[in-house]
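The sequence and the coordinates should be kept at hand while reading.

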Amino acid sequence: MNDVTMNRRSFVKTAGALGALAAAGGAISAEGSLFGESSIAHADTEEQTVWQHCGVNCGGACALQCHVKDGSIEYVESDNTGSSDMNSVQVRACLRGRSIRRWLQSPDRLNYPMKRVAGTKRGEGKYERISWDEALDTIASEMKRIRSTYGDTAMYIHYASGVSSGIIAGTPVNRLFNLTGGYLKTYGSYSSAQISAAGTYTYGGGTYGSSFLTLQDNELVVMFGNSPADTRMGGGGHTWDFARMREAKNLRVICIDPRMSDTVCGQGGEWIPIVPGTDGALCAALAYQWITNDQVDTEFLHKYCVGYDEETLPEDAKGKNASYKDYILGNGADKTAKTPAWASAITKIPEQRIIELADEMAKADPVYICQGYGVERHSNGENAARCIMVLPQLLGQIGKPGTNDGRREGCNSIQAIATFPAGKNPVPDTISLYTWPDAIDHGEQMTATNAGVQGVEKLSNSIKFLFNYGGNALTNQHSDINATHELLQDESKCEFIVTSEVFMTDSAKYSDIILPDLAVQEQLDISKGGYADNDEVLFFCDPVYEPVGERRGIYEVCTDLAERLGVKDQFTEGKTREEWLRSLYEQAREKDSTLPTWEEGFKMGVYKRDTKPKLSLEKFVADPEANPLPTESGKIQIYSEKLAKFAQTWELNDGDKITALPEFDPAFDSYLDVSEEYPLLLMGFHYKAHVHSSYSNNSVLQTAALHQLWINPEDAQTRGISTGDMVSVKTERGEVRIMAKVTNRVIPGTVVMPQGMWHDADMDGDRIDKGGCINTLTRYRPTALAKANPQHSNVAQVEKVSE
Ligand SMILES: Nc1nc2c(c(=O)[nH]1)N[C@H]1C(S)=C(S)[C@@H](COP(=O)(O)OP(=O)(O)OC[C@H]3O[C@@H](n4cnc5c(=O)[nH]c(N)nc54)[C@H](O)[C@@H]3O)O[C@H]1N2
Ligand SMILES: Nc1nc2c(c(=O)[nH]1)N[C@H]1C(S)=C(S)[C@@H](COP(=O)(O)OP(=O)(O)OC[C@H]3O[C@@H](n4cnc5c(=O)[nH]c(N)nc54)[C@H](O)[C@@H]3O)O[C@H]1N2
Ligand SMILES: [Mo]
């Protein structure tokens, strides 16, 4: 197949001719569809193979070879180059990527710039077609007006992960904003804000540890809230790395999870079910067993860590029973020994199973301990993530082959390639990403100590202008859609919202102007590939076909806005998108001469090379004096002085806690908060049928993997619920309707549903969400330390819907 890959120039020529043909056929309608089944123009042209990649944010970025004929994708293959052995792995796409034809060529794609119909409110979704000139003039004049009225800190670019691969990717918008005065910055993400905070105060930064490819023969792997089979599905990614290691090394895999994930189901691993949000208690009991059975590696703890025992505590903390050992043994402030019996009552893992797990982990050498982001996306996520990180420290299982540091499995990518330069943002004001609704509602009241503001003591402004490029996190992916609806409807708060999208999403409906973007696959770019262990990959991606309708790429759109704002020359530096790509790629080749030339790359479509698996903290463990960690002490911090200080000085919500040690803290919406009205815990998970809300509008994928609420037979029986029944799920925030799946794959007392389905409610009527979007149900309340999203922590009720 590879040899039919066409030369870029000849394709563009061919596609250009076809585009004209399609237009002549009258296929473009005002409603925006070029690709209704009957509207494909047929011409007697040859099929071409175009290399592309799947650009959504599962992180896989897998290879797609699109077979294109007459300006339309006929079918899609993935990577079939190289071999499928340990090296030169084929970067094979999962079903989502392979279905991209239905997504890209959906009749629902946006084709024209639109503005909200005068007199309608945000969220109503009533739009009219306008010209690009009108759209760009309006945006540029609103940018000027709002910046000059309120200042640079009123400008905001929202988190968006729909375009997260490629060299050009999302940065043109940032560059435009930076050249015109800057914008309110953010730290953290919806993905990993809490584990990042945990990593910062423990290891000095980072969420990733060792690669799976460091695993040894017959090794024990213990995963907390991690399912590579669900969340790293692509063939070049971790699920494949892990599957191959499982086969080759005879691994024993234990997954601790309230849900039996695809990483265990049918794969011979062991599932240890746990009550959501209680991992910290399990970890404390494991530590209790190791300490009381003399199984901790005291030498490692003394040499590399701060705060395990009295001896290694910082001076200020000494003499107060403030060590980790004191906390575990019950000599600390809470006077509670963290015994397996104590943890069993909280986690619902039988006491004997905890004792056995502790013993097995202590005797395994090496043992690989890791976590996904399922634990951290809870109300107590920052502490829970730290509690897991302590486990390999206690056992001295860090820095040698087969070990990990308690964070997520690590990966590699080609470092030499820089993305399109965003330039420098002169604005110091920085918020935790998740707190953006507060920054719209009452920015000027947000401070360093009450809202985790960084860069300044206090924000000077609220957000007044919002740019949303390739994201659905205004509503669908952010917490508490019903509350955000009210906030965004109020035009006196955020005065102007722009969305650049490929579909009319729920978030797009809150925009004043919507711009129809060219999809990633409709543009020229180079992608660095996704999360994978031993391969470094580049995809040289040609546009699959000529632009359809009036879709335009973000680089060209930002160039036109830059012109209207008087900074075009600085923005483009005289270059087109292709010229930027070529020059950034040339710069990369100067740093890394093994990379193919531009021409060679586009001829190959995919470039792969082997790389060394990452072993976390290898250098630090080999020589801690020569290679100190970027923490206050240069060592691993079980006890953090910075956190001890925050605990004293930050203004926290009632019940919120910041602790110097990694402690179990149930926080809010936990197992302690279930009530008669809301007797169940409810959490979301990242599902194979879609990536967040991307691909959620693909009916084939939805049929392949149904959108269902998983409920244990015990909870289903008392409610008269069978698989296939329609149920109502309610929290204090709202109600969704969804099909039930009665299954032992979820523990009693907890229900789970995939996150990312499209919100679908009559917002002027009953607001019942028939799309089954979990964020109709989630609470907007930033966590204590990271001020991040606790979207997996909820208490809920489930009932059968009779009609
Ligand atoms: N198919 C698919 N893949 C994806 C994505 C997607 O939407 N779909 N999204 C991508 C993105 S952006 C991200 S950030 C990652 C997210 O990856 P993760 O955050 O790791 O995914 P989750 O599904 O939230 O959680 C992982 C596992 O943790 C479990 N879990 C939840 N709460 C707890 C708990 O309290 N304790 C324990 N022990 N386990 C718990 C869940 O049941 C799930 O099996 O996935 C990426 N990959
Ligand atoms: N309750 C709950 N909520 C969650 C999570 C959870 O676990 N539970 N997970 C959170 C996580 S980890 C994340 S990362 C966020 C993700 O939240 P988002 O970043 O909003 O991710 P998506 O929902 O995939 O939205 C991406 C959008 O990009 C659009 N898009 C795709 N390709 C293109 C393109 O080429 N151009 C343009 N302009 N647009 C494009 C898609 O149509 C889609 O609407 O969600 C978070 N929300
Ligand atoms: Mo994410």
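**Strands, ligands and backbone details**

Leu538 stands opposite Tyr607 in β19. The model is predicted, so to speak of local features requires pLDDT of at least 70 and side-chain atom pairs count only at pLDDT 80 or more, while totals for chains, interfaces and linings use all residues. Residues are numbered from 1 along each chain as its sequence is written, chains are lettered from A and ligands numbered from 1 in the order in which they are written, and side-chain values use heavy atoms, with hydrogens and water left out.

Strand β18 (residues 535-541) is joined to β19 by five bridges, and the two run antiparallel. Strands here are DSSP runs of E with at least two residues, helices are runs of H or I with at least four, and both are numbered from the N terminus. Two strands are taken to pair if DSSP finds at least two bridges between them. The complete sheet is open and has three strands in the order β17-β18-β19, with antiparallel pairing. Because β17 (525-527) and β19 (606-610) stand at the edges with a single partner strand each, one side of each has no neighbour in the sheet. On average, neighbouring strands of this sheet are turned by 15° against each other, direction ignored; the axes are lines fitted to C-alpha atoms (for helices over the stretch in contact), and angles run from 0 to 180 degrees between N-to-C directions.

Strand β19 also contains Lys608. The side chain of Lys608 is joined to that of Asp79 by a polar contact of 2.7 Å, and to the side chain of Thr81 by another of 2.8 Å. A polar contact is a pair of N or O atoms within 3.5 Å; within protein, one must be able to donate a hydrogen and the other to accept it, and residues adjacent in sequence count only if both atoms are side-chain atoms.

A second open sheet has six strands in the order β5-β4-β16-β15-β14-β6, with mixed pairing. Its edge strands, β5 (127-129) and β6 (155-157), each pair on one side only. Neighbouring strands of this sheet are turned by 20° against each other on average, direction ignored. Strand β4 (residues 114-116) runs antiparallel to β5 and is joined to it by three bridges; Met114 has Arg129 in β5 as its bridge partner.

Attention now turns to the ligands. Ligand 1 is surrounded by 35 residues, the closest being Thr231, Asp257, Gly277, Asp279 and His792; a residue is near a molecule or strand if one of its heavy atoms lies within 4 Å of it. A nitrogen atom of ligand 1 lies 2.9 Å from an N or O atom in the side chain of Arg96, and a nitrogen atom of the ligand lies 2.9 Å from a backbone N or O atom of Asp230. The side chain of Arg408 places an N or O atom 3.2 Å from an oxygen atom of ligand 1. The protein covers 99% of the 900 Å² of accessible area that ligand 1 has on its own; such areas come from the Shrake-Rupley method with a 1.4 Å probe, and for residues only the protein chains shown count as cover. The elements giving two or more residues to this shell are α7 (228-231) and β21 (680-685). Domain 2 (195-407) and domain 3 (671-800) each supply at least three residues to the shell, with domain bounds taken from an automatic or database domain assignment.

Ligand 2 is likewise surrounded by 35 residues, the closest being Ser161, Asn472, Glu501, Ser693 and Ser694. A polar side-chain atom of Asp517 lies 2.8 Å from a nitrogen atom of ligand 2, and one of Gln791 lies 2.9 Å from a nitrogen atom of the ligand. The protein covers 98% of the 920 Å² of accessible area that ligand 2 has on its own. At least three residues of the shell come from each of domain 1 (118-191 + 418-519 + 552-591) and domain 3 (671-800).

Two backbone features remain. Asp365 and Pro366 are joined by a cis peptide bond, with omega about 0°, and Pro366 is found in the loop between α13 (351-363) and β12 (367-371). Ala61, a residue other than glycine, has a positive phi near 45° and is found in the loop between β1 (48-53) and β2 (63-69).
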